[in-house]
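Please read it alongside the sequence and the coordinates.

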Amino acid sequence: MTDVKKIPAAVAMLKVIESYGVKDVFGYPGGSINSTLAALDQEKDNINYVQIRHEQVGALAAAAHAKLTGKIGVAFGSAGPGAVNLLNGLYDAKEDHAPVLAIVGQVGHDNMNYNYFQEFPETPMFSDVSVYDRIVMTPESLPHVVDRAIHEAYQNKGVAVVVIPNDFGFDEIPDVPYSSASKTYDKPAPEPVASDDEVSEALKMIKNAKRPVLHVGRGIKGNGDKLIELSKKLQIPIIMDGLALGYVDASYEGNLGTANRAASKAADEILSTADLVIAIGGDFPFAKSVYASHPFAYIQVDNSRIQLGRHHEVDLPIWSDSGSFIDKALAQSEQVAPSPFFKAAVADEANWKEYINKMLNVGSDEQDKSNGNFMDEFKDFGKHLKDTITNANSTMPVAPIYKQINRVADKDAVFSIDVGDNIINSFRYLDIQPTNKWVISALFATMGSGLPGAIAAKRAYPDRQVFNIAGDGALSMVIQDLVTLTKYQLPVINVVTSNEDLSFIKGEQDDLPMQIFGLQLQGQSFELIAKGMGVDATTVRNVSELPAAFDKAVKVTKAGHPFLIDAKINQDRGLPVEDLVVKIENGQVVETVSPNYLKDKNDNKTYTLPDFFAEYGGEGLLPLKDFFDKYDVQL
Ligand SMILES: Cc1ncc(C[n+]2csc(CCOP(=O)(O)OP(=O)(O)O)c2C)c(N)n1
Ligand SMILES: [Mg+2]
């Protein structure tokens, strides 16, 4: 018998990972993960080690990679603190059902269970976050366990954790083929299909409804055009969950955008008056709020059985993929006559879009007030500290920044959007088309996800333009990884909306029985920080300076280098559509501003809806009733 060639077990592990098409592994070294690093060195022609500066960034990048590409993301960290730091990103993957493999270091097997330095039982720590969580027991089983882990992460849409006693990774094992699921894991499973009877029952309910609404989530991916066809044919307005953004053409007049807080006024208003909601393929994390206004009938279509009935009592649950449900609904229905409710919804949304357009263009006619290069001004650090580093009462509104992003964004740009007001603002102002890709920490909603998402995006799509759009609080949480953009020359356009505030939380505190507390952030110059890390940058304080800053960002990034724009913006709250309360009483629409919002207004004047809109520059916005009256909507 010929001798079988032997290779280190960690190299065998990497060969398994490579067989699934993985190109990048995000991680950070430590004593207990050295055997994996040695293997990454040995395999460097076949797989890339991407060194991030904090394990949470690696895990968030792996999660973002999985969300953007649909393919497994891989992150690693060492035992103890490295493992703990991974958790934030792994929870993000768990919550957004992203397949991620986490390779976690452990002390050598002969030191385990002796309370050795940095040793502690890791599997219990990862048990909640994972769909698969194993410690490797022999060097020979390492490739097998990793193969299973990847397969489980894909099948169960979550995090698989493999803890490796460090010495096992160095041990030589026979270089033999091992059973691998890499050839079969991505074969599509048959999709459930709605029956003809279920579809005709749904169509009957729609026919009997006066105010039906389509509420769609990310399950609509790939079927946005069909949905629009159905919306036109049956005269039903579309409301989206945030994750459906980009999947349904935003310029279609019957697409009202998203509901809840990061929302369009029309979406919230119209949903509050629906007598039938047809929900398709969504997780709807805010169902408890957005469905609370009043009773309505509910049809739910989902390709995952476990989702059915999760958000609302279901009158008609349909276990089906969205495309085949819509195909059948189109085939089995007739064109419906123009409906007053649909017309009113379209007009309401058009009115909102006019407002959005107005906000995007605020200050466009401003003269350029820039006074030279910021770095030139920065000669006397102490003297200029207040004026040049902080936003020093900046009055620049946020919306014109999005106008610039929309202006310079390539058709297939990738947007990584961090948590904070930028979620609300990007849902309202960012032009996300089906040709774009975008990523957020949706359900876990962790601050600091923007930069890791941009790193992952640029690694996965080197030829596409990538934006990281982050608040000052959010970027600060992962700011050390700006240097990762330099290290790997990842030409990301970073846009920081610096308001020296945790504005998203301020909006919440504003509506609570409390003073605003604990939210003010110390100002800092992101331009200087970025430059200190090798990322070219500029500071912008006026709308008139924005076009030049964005032109420069495009120029620098097209030349292959990262860029950062520190946009010093004001602290204004965006129009809080969530404070509008719409009810139907005695056959009339009654729309008011929530008492939580009004509590601070202790003047005795009556406060009307136009007063509310005007506070946010929305003088042209009209109450829902105007549209219902105009089109004679029956209630
Ligand atoms: C890790 C983490 N900590 C706290 C929060 C709660 N939180 C959500 S948004 C937000 C404020 C974000 O501030 P910033 O990034 O400055 O954006 P802004 O809202 O000011 O535009 C906070 C504190 C969170 N989501 N994630
Ligand atoms: Mg902020």
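Two strands are said to pair if DSSP finds at least two bridges between them, and the helices (H or I, at least four residues) and strands (E, at least two) are themselves DSSP runs, numbered from the N terminus. This is a predicted model, in which local features need pLDDT of at least 70 and side-chain atom pairs count only at pLDDT 80 or more, while totals for chains, interfaces and linings use all residues. Residues are numbered from 1 along each chain as its sequence is written, and chains are lettered from A and ligands numbered from 1 in the order in which they are written.

In strand 12, H215 has its counterpart in A279, opposite which it stands. That strand belongs to an open sheet of six strands, which follow one another in the order 11-10-9-12-13-14 with parallel pairing. Strand 11 (255-258) and strand 14 (316-319) stand at the edges with a single partner strand each, so one side of each is left without a neighbour in the sheet. On average, and with direction ignored, neighbouring strands of this sheet are turned by 15° against each other, where the axes are lines fitted to C-alpha atoms, for helices over the stretch in contact, and angles run from 0 to 180 degrees between N-to-C directions.

| Strand pair | Sense | Bridges |
|---|---|---|
| Strand 9 (residues 212-216) and strand 12 | parallel | five bridges |
| Strand 12 and strand 13 | parallel | five bridges |
| Strand 13 (residues 297-302) and strand 14 | parallel | four bridges |

Individual positions can be followed across these pairs: V277 has Y298 in strand 13 as its bridge partner, and Q300 stands opposite P317 in strand 14.

## Domains and their contact

The chain is divided into domain 1 (6-186), domain 2 (196-355), domain 3 (368-396 + 398-568) and domain 4 (577-630), with bounds that come from an automatic or database domain assignment. The C-alpha centres of domain 1 and domain 3 lie 32 Å apart. Between these two domains, 18 residues of domain 1 are in contact with 23 residues of domain 3, contact meaning that the C-beta atoms of two residues, placed from the backbone, lie within 7 Å. On the side of domain 1 that touches domain 3, helix 3 (55-69) and helix 4 (81-95) each supply at least two residues, and the largest share, eight residues, comes from helix 3. The residues of this side divide into eight nonpolar, four polar and six charged, where Ala, Val, Leu, Ile, Met, Phe, Trp, Tyr, Cys and Pro count as nonpolar, Asp, Glu, Lys and Arg as charged, and the others, Gly among them, as polar.

## The shell around ligand 1

Of the 18 residues around ligand 1, those that come nearest are G420, D421, G471, G473 and A474; a residue is near a molecule if its C-beta atom, placed from the backbone, lies within 6 Å of it. Helix 17 (421-429), helix 19 (472-476) and helix 21 (503-510) are the elements that give two or more residues to this shell, whose residues divide into seven nonpolar, eight polar and three charged.

Helix 21 is also the place of Q509, which counts as partly exposed because it has 15 C-beta neighbours inside 10 Å. Leaving aside residues up to four places away in sequence, Q509 touches M514 and I516.

In the loop between strand 16 (437-439) and helix 18 lies A445, whose phi is near 50°, a positive value in a residue other than glycine. A445 is partly exposed, with 17 other C-beta atoms within 10 Å. Q489, in the loop between helix 20 (482-487) and strand 18 (492-498), has a phi near 45°, again a positive value in a residue other than glycine, and is exposed, with 11 other C-beta atoms within 10 Å.

How values were computed. A residue is buried if 20 or more other C-beta atoms lie within 10 Å of its own, exposed if 12 or fewer, and partly exposed in between; C-beta atoms are placed from the backbone.
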